[in-house]
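Here is a walk through the structure shown below. Keep the sequence and the 3D view side by side as you read.

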Amino acid sequence: MKLALNTMKTFGLSLVLASAFITQPVLANGPIGEHVNHLKANLKDYSDDVEWMIAKVDALVTEYEKNGAKAVKSDDLIEYWESVKFHSAIETNYVPVYASIWQSIYGIKMAIDDKKPASEVRQHQQALDAALWQGLGAVKLAADFQQKGLLKAVKATASENMTQSATIDEIKHKLDRVVAKYAERLSDEATQIVHDTYLHLFEGVEGTLIEKDAKLVEVLEKDFNVTLPKAISDKKDVDQVRNVVIDMQEKLDRAKVLLEEAEKSRKDVF
Amino acid sequence: MKRRIFIQGLAALGVVGSMPLPLSRAFAASPVSPISVNDLPALEGDLTLYLGRGEGGLYENVLKSIEKKNPKLNLSIRRGPTAALGNMIVAEAKAGVKRADLFWAVDSGAIGLITDAGLAKPLPGDLESQLQPQFRYPGWAPVTGRIRTLPYNTKRLTKEQIPDSIMAIADSDLSIGWAPAYASFQSFVTAMRILEGDDKTAKWLKKVQKRSKTYAGELGVVMAVERGEVDIGFANHYYTLRLKSGKPDANLDLAFTNQDAGCLVNASGVLSLTDNPNAMNFMRYLLSAEVQSYLAREAYEIPLIQGIEQPSGLPALSAISPPKVDLTQLADLRPTLDLMRSSGVL
């Protein structure tokens with residue numbers, strides 16, 4: 001029997017799979033499943049979760065196909081996803097796919113609620129299946145990194161130093177979380193992450209950055225304070241919000257290069 | 001006897017003024033010139049520092065340099081938001097636990113939490129005397145300062161057109177950029193409450209709000225001033241200096257008010273929580289000529305010890321006339337937030 005892990009939904013963690021280490025531990029809002037620190041030992045469970053989830057969704061869509069919207073409860077789709085342990089494994093390891101999973105789940109749900117043709121529902125289902133398998137692949141990769149000691153344990157206290165260029169990585173991951181939360185239909189939470197990321201992370205680097213490229217800071221200021229919050233409040237498509245974030249992340253890559261140059265050229269204290 | 005132990009012993013007895021040169025220069029009651037790290041004792045053994053985050057990593061560079069110079073120092077650091085660490089220290093003390101030897105806070109408000117709770121150790125006379133007289137406090141040492149300023153657009157205004165009283169700004173016809181949700185702005189409003197009272201402050205907030213445009217942060221305020229979206233802004237000094245460094249032809253300059261909250265100098269600060277002799281000596285490193293110069297040069301912060309140059313582009317502190325405010329009084333933000341909410345600003 002699958003255990004309900006609804007509280008997992010709220011915790012805000014983002015490991016950096018690409019660079020294989022956490023740049024900054026993030027305070028958790030809810031309990032963290034210890035299994036995320038033992039990915040290898042739980043891979044079979046995660047794999048079972050994915051297969052179970054795919055089968056449950058397929059059964060629901062098939063029922064819709066045969067008997068129409070009244071025959072199914074589209075809210076069950078969200079229950080399925082929130083009930084699997086894999087949910088937190090992917091949320092802590094590969095946020096972009098986590099967002100895609102939510103986006104596909106809501107794609108299926110909205111299509112059913114709007115009584116769209118089954119073929120359209122199946123398109124969203126295929127996207128969900130692909131995202132789930134992609135997510136499982138990401139978790140397997142993270143498990144390998146974790147086994148090699150390259151992935152730090154998820155912690156609830158901040159003790160690590162973070163350079164300005166590493167802060168840029170953390171900002172980019174926070175922005176991935178914005179898309180994830182928006183795809184999860186948690187707009188207020190997504191907006192709060194934008195606000196907190198600006199105040200607690202971007203603010204700490206923009207002083208150095210503005211000495212290097214004032215124009216770049218100006219456009220990022222606008223992105224953080226106008227463009228992205230407005231895309232969320234205007235209820236744009238998830239893809240449109242994602243495009244805003246991707247555009248910001250490209251600018252942040254430029255910012256990272258400038259900050260690395262600044263770090264290299266900085267004189268010693270003594 | 002080793003020099004380090006010798007100095008610790010003398011410092012504890014309060015007789016450092018009798019030391020021969022060059023050590024007497026390093027610990028003189030009224031130092032003529034700032035002290036170099038080369039004149040400070042080596043740090044050895046354990047030291048636990050609670051470090052409030054901020055300053056974009058520059059404090060970390062200072063810590064790395066101190067560790068590099070003192071290889072026998074075993075420095076443990078707990079990092080977190082300054083206010084959270086301040087609360088943690090008070091909570092730990094109530095529980096009978098003392099984990100931190102030192103607390104380095106990015107703003108003096110959090111320092112007030114600790115000193116009000118009676119947890120800070122008294123500052124030795126030699127340390128206190130290095131600070132400029134108006135920044136001497138018994139239980140903590142300001143490390144560097146930041147001053148409230150009025151950045152203005154030089155294409156739209158001359159300095160002479162800007163009132164030199166923060167209260168008069170409210171009655172001017174200038175358009176204003178501000179960031180009321182920003183911690184530095186709230187500390188400034190707290191200072192205004194202390195200096196002018198709640199009624200005058202509430203009226204000021206309401207008047208200014210009518211001609212203000214709100215921004216999330218104070219760099220945003222300064223950039224808006226430079227673009228000409230507003231005539232003037234309320235912001236800490238370093239945003240303007242940094243923007244002008246990156247954009248030398250920026251339409252931007254700084255104006256200052258006179259002896260009021262509008263030119264408040266707030267500070268980061270450090271205090272000792274235990275009798276670990278490394279704690280006070282570590283503070284001496286933070287007040288050294290090298291560290292103070294570094295923070296002034298790289299972070300555009302204002303050195304508060306005597307004899308160090310101001311950041312480039314900022315007038316001498318003696319020419320600015322900031323108000324005399326006990327910075328630890330800025331700790332109590334709740335009445336300020338209540339006032340800002342009841343005035344419709346937040």
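Begin in chain A, where α7(A) and helix α9 (residues 238–265) pack at an angle of about 90°, with their axes 10 Å apart. That angle makes α7(A) roughly perpendicular to α9(A), because angles from 65 to 115 degrees count as roughly perpendicular. Keep in mind that this is a predicted model. From α7(A), the residues A:Val205, A:Thr208, A:Leu209 and A:Lys212 take part. They meet A:Ala255, A:Leu258, A:Leu259 and A:Ala262 in α9(A). By class, the contact of α7(A) with α9(A) holds six nonpolar residues, one polar and one charged.

Now turn to another partner of α7(A). How do α7(A) and α8(A) pack? Their angle is about 175°, and their axes are 10 Å apart. The two helices are therefore roughly antiparallel to each other, since the angle is over 145 degrees. On the α7(A) side, the contact is made by A:Ser187, A:Ala190, A:Thr191, A:Val194, A:Tyr198, A:Phe202, A:Glu206, A:Leu209 and A:Ile210. On the α8(A) side, the residues include A:Leu216, A:Val217, A:Phe224, A:Leu228 and A:Ile232. The contact of α7(A) with α8(A) divides into 13 nonpolar, three polar and one charged.

The contact between the chains takes 25 residues from chain A and 26 residues from chain B. On the side of chain A that touches chain B, the elements giving two or more residues are α7 (187–212) and α8 (214–233).

Step back to chain A as a whole. The chain is divided into domain 1 (9–17 + 29–147) and domain 2 (164–263). Their C-alpha centres lie 26 Å apart. The contact takes ten residues from domain 1 of chain A and eleven from domain 2 of chain A. Which classes make up the domain 1 side? It has seven nonpolar residues, three polar and no charged.

Next, look at helix α4 (residues 95–113) of chain A. At 1.5 Å a residue, its 19 residues should span 27 Å, and its end C-alpha atoms are 27 Å apart, which agrees. Of those 19 residues, 16 are buried, so α4(A) is largely enclosed by the rest of the structure. After the helix comes A:Lys115, with a positive phi near 55°.

Chain B is divided as well, into domain 1 (3–145 + 266–314) and domain 2 (147–264 + 322–342). Their contact takes 20 residues from domain 1 of chain B and 16 residues from domain 2 of chain B. On the domain 1 side, α5 and β10 of chain B each supply at least two residues. The largest share of that side, eight residues, comes from α5(B). The side divides into nine nonpolar, eight polar and three charged residues.

Finish on that helix, α5 (residues 108–116) of chain B. Is α5(B) mostly covered or mostly uncovered? It is mostly covered, with seven of its nine residues buried. Among the buried residues are B:Ala110, B:Ile111, B:Leu113 and B:Ile114. What covers them includes β1 (45–52), α4 (82–94), β3 (102–105), β4 (141–153), α8 (183–196) and β10 (265–272) of chain B. Just after α5(B), B:Gly118 takes a positive phi of about 70°.

Notes: Residues are numbered from 1 along each chain as its sequence is written. Chains are lettered from A and ligands numbered from 1 in the order in which they are written. This is a predicted model: local features need pLDDT of at least 70, side-chain atom pairs count only at pLDDT 80 or more; totals for chains, interfaces and linings use all residues. Two residues are in contact if their C-beta atoms, placed from the backbone, lie within 7 Å. Helices (H or I, at least four residues) and strands (E, at least two) are DSSP runs, numbered from the N terminus. A residue is buried if 20 or more other C-beta atoms lie within 10 Å of its own, exposed if 12 or fewer, and partly exposed in between; C-beta atoms are placed from the backbone. Domain bounds come from an automatic or database domain assignment. Ala, Val, Leu, Ile, Met, Phe, Trp, Tyr, Cys and Pro count as nonpolar, Asp, Glu, Lys and Arg as charged, and the others, Gly among them, as polar. The expected span of a helix is 1.5 Å times one less than its number of residues. Axes are lines fitted to C-alpha atoms, for helices over the stretch in contact, and angles run from 0 to 180 degrees between N-to-C directions. Angles under 35 degrees count as roughly parallel, over 145 as roughly antiparallel, 65 to 115 as roughly perpendicular and the rest as oblique.
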